[in-house]
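Here is a short briefing on one protein model. Look over the sequence and the structure first, then read on.

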Amino acid sequence: MIAVFDLGIGNLSSVQSGFARAGAETVLVGNADAWYEANRKFPIRGVILPGVGAFSDAMFQLRARGLLTVVREVVRNETPLFGICLGMQMLLSISEEHGRHVGLGLIPGEVVRFGPGLKVPHMGWNDLTRVAEHPLLAGVSVGDFVYFVHSYYARLTNAEDAIAVSQYGEALVPAVIARGNVFGAQFHPEKSGPVGERILMNFVHLCELATVGGGRGAR
């Protein structure tokens with residue numbers, strides 16, 4: 001079972017549908033009580049942190065719903081955690097969206113707005129360039145296209161945390177990031193056709209491996 005955090009600010013049906021196509025069952029978790037109840041009922045093998053909207057609103061909801069503590073627990077237990085779009089940005093240390101706001105700090109870096117001269121949001125299909133071998137990208141070919149919708153992007157402290165990038169104008173966007181059991185995609189894999197479905201399937205497989213291996217991530 002994959003837990004999908006519901007922060008009350010986005011339609012999660014497409015995320016759940018994407019994982020259903022990838023062969024995984026999901027359960028929505030809207031607060032800490034729901035998390036512990038789900039853990040009593042199911043073996044939770046992985047966690048999805050989706051996101052639509054503003055960084056500060058999403059972080060506020062994470063705290064207000066008691067899920068900030070849950071995220072820390074998930075990471076400490078080495079359960080795979082996958083942030084999607086804004087959810088990926090929340091994994092970083094700081095965001096400059098509408099001020100400066102503290103993120104989860106699980107992957108060092110900051111979230112910055114695209115520079116002048118670029119149309120925002122960056123919306124539509126763009127290609128991926130793999131910059132590191134990683135099981136999350138198994139079966140993904142050079143030049144495969146995925147679907148983006150975002151006005152801000154990650155500026156990583158450690159470039160090696162990016163395993164795939166995408167070029168948008170002068171900006172080199174970290175498109176897929178990975179550190180230990182923490183993963184992120186700036187694009188929407190659930191809306192990215194067969195390529196996105198492959199990435200979701202790979203994440204499900206990593207969750208299965210982590211369960212067998214006692215919760216340790218792939219990197």
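Asn-181 counts as buried, because its relative accessibility is 7% (buried means under 20% relative accessible area, exposed over 50%, partly exposed in between, with a 1.4 Å probe and protein chains only). The model is predicted: local features need pLDDT of at least 70, side-chain atom pairs count only at pLDDT 80 or more, and totals for chains, interfaces and linings use all residues. Residues are numbered from 1 along each chain as its sequence is written, and side-chain values use heavy atoms, leaving out hydrogens and water.

**Around Asn-181**
- Asn-181 sits in the loop between strand S13 (171-179) and strand S14 (182-185).
- A polar atom of the Asn-181 side chain lies 2.7 Å from the backbone oxygen of Thr-79.

**Overall fold**
- The protein chain has six helices and 14 strands (DSSP runs numbered from the N terminus: helices are H or I with at least four residues, strands are E with at least two).
- The radius of gyration, taken over C-alpha atoms, is 16 Å, close to the 17 Å from the globule rule for 219 residues, so the protein chain is as compact as a globular protein of that length. That rule is 2.2 Å times the number of residues to the power 0.38.
- The C-alpha atoms fill a box of roughly 50 × 40 × 30 Å along the principal axes.

**Packing**
- Of the 219 residues in the protein chain, 51% are buried.
- Among contacts (heavy atoms within 4.5 Å) with a separation of 6 or more, 71% join residues 24 or more positions apart.

Conventions:
A polar contact is a pair of N or O atoms within 3.5 Å; within protein, one must be able to donate a hydrogen and the other to accept it, and residues adjacent in sequence count only if both atoms are side-chain atoms.
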